[in-house]
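Hi everyone, thanks for coming. Let me put the structure up, and then we can walk through a few spots together.

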Amino acid sequence: MNKKTDLRILRTKQSIRKAFYELIQEKGYEAITVQDIADRAMINRNTFYLHYQNKPDLLDTCMNELLSDFKDAILFCPISMNPFSISLLETVMQTVLKHISLNMTFYRSMLIEENRIYPFQAKMETIIKDKLMEGWKPAQENAPLAISNELLIEYLGSALMGIVIWWIKNDKPLSTEEVSSQFSKIVAYGHLRAAGIAVEE
């Protein structure tokens, strides 16, 4: 296979995926047909089937490749939760948001509104929680609050994922640096303190 053929195949796949992402946002995954994708990508159905078995195969390929890229992006980010480092968590969050910015059309189609693809969100959240666990050390016996490590990871992972979805849905209202800094401070000091709310026992 020569270089020109390789480039043509790459462009065709990109056109198919771009059409797929746009249609998910417009109609939702279930309502899309292969013919819809082919028409939007300006190819015939036979060309689609040269690259993908069917619509679920296209979805799985898109999800798996992007999640793999997402995991690779944060793989080498240093992280420490005990002792906690604000700057290290900021680095992880910035890496997540920058990766999303480079693939915004896909993430918007996968994560936003009623057309979201729930398996993608669940898998992405698992990658985030695994990263948080990587920097986790067992709490000391004299920890002031008897909170389950598992519950804390669930809380932090869900909070981070919620911020990601908010950021995408609202067209990046804050810079990656601002979001990362503020999220890390909320984690470090607690959301009530961050909001200036007094706490009573």
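Let's begin with Ile147, which sits in the loop between helix 7 (118-134) and helix 8 (149-169). When I say helix, I mean a DSSP run of H or I with at least four residues, while a strand is a run of E with at least two, and both are numbered from the N terminus.

A word on where all this comes from. This is a predicted model, so to speak: local features need pLDDT of at least 70, side-chain atom pairs count only at pLDDT 80 or more, and totals for chains, interfaces and linings use all residues. Residues are numbered from 1 along each chain as its sequence is written, and side-chain values use heavy atoms, with hydrogens and water left out.

Back to our residue. Ile147 counts as partly exposed because its relative accessibility is 42%. The cut-offs are these: buried is under 20% relative accessible area, exposed is over 50%, and partly exposed is in between, with a 1.4 Å probe and protein chains only. Together with Leu151 and Tyr155, Ile147 makes a nonpolar patch on the surface, and the accessible area of the three comes to about 310 Å². Patch residues have over 30% relative accessible area and no salt bridge; like charges are joined within 9 Å, and nonpolar side chains (Val, Leu, Ile, Met, Phe, Trp, Tyr) within 5 Å. The areas are from the Shrake-Rupley method with a 1.4 Å probe, and for residues only the protein chains shown count as cover.

Now please look at helix 5, residues 86-102. How far does helix 5 reach from its first C-alpha to its last? The answer is 25 Å for 17 residues, close to the 24 Å expected at 1.5 Å a residue. That expected span is 1.5 Å times one less than the number of residues.

Which residues of helix 5 are buried? They are Leu89, Glu90, Val92, Met93, Gln94, Thr95, Val96, Leu97, His99 and Ile100. Their cover includes helix 4 (55-75), helix 6 (104-111), helix 7, helix 8 and helix 9 (176-189).

Let me pick out Gln94 from that list. Gln94 counts as buried because its relative accessible area is 18%. Setting aside neighbours within four places in sequence, Gln94 is in contact, meaning heavy atoms within 4.5 Å, with Thr176, Glu177 and Ser180.

Over in helix 4 we find Asp57. Asp57 is partly exposed, with a relative accessible area of 22%, and it touches His51 and Tyr52, not counting residues up to four places away in sequence.

On to the charged pairs. Side chains of opposite charge can pair when their charged atoms come close. Here a salt bridge means a side-chain nitrogen of Lys or Arg within 4 Å of a carboxyl oxygen of Asp or Glu, and by this rule the count is nine.

One of them joins Asp171 and Arg108, at 2.6 Å from N to O. Asp171 is in the loop between helix 8 and helix 9 while Arg108 is in helix 6, so this pair ties together parts that are 63 residues apart in sequence. Asp171 is exposed, at 56% relative accessibility. Asp171 also has a positive phi of about 55°, although it is not a glycine. Lys172, in that loop as well, has a phi near 55°, again a positive value in a residue other than glycine. Lys172 is partly exposed, at 40%.

Lys129 has two partners to show you. With Glu125, the closest N and O atoms are 3.2 Å apart; Glu125 and Lys129 both lie in helix 7, four residues apart, about one turn of the helix. Glu125 is buried, at 13%, and Lys129 is buried too, at 15%. With Glu154, the closest N and O atoms are 2.7 Å apart. Glu154 is in helix 8 and Lys129 in helix 7, so that pair ties together parts 25 residues apart in sequence. Glu154 is partly exposed, at 41%. Elsewhere, salt bridges that share partners join Lys18, Glu22, Glu26 and Arg40 into one network.

Last stop, the cysteines. How many disulfides does a search of the whole structure find? Zero, taking a disulfide as a pair of cysteine sulfur atoms within 2.5 Å. Cys62 is buried, at 2% relative accessibility, and Cys77 is buried as well, at 6%.
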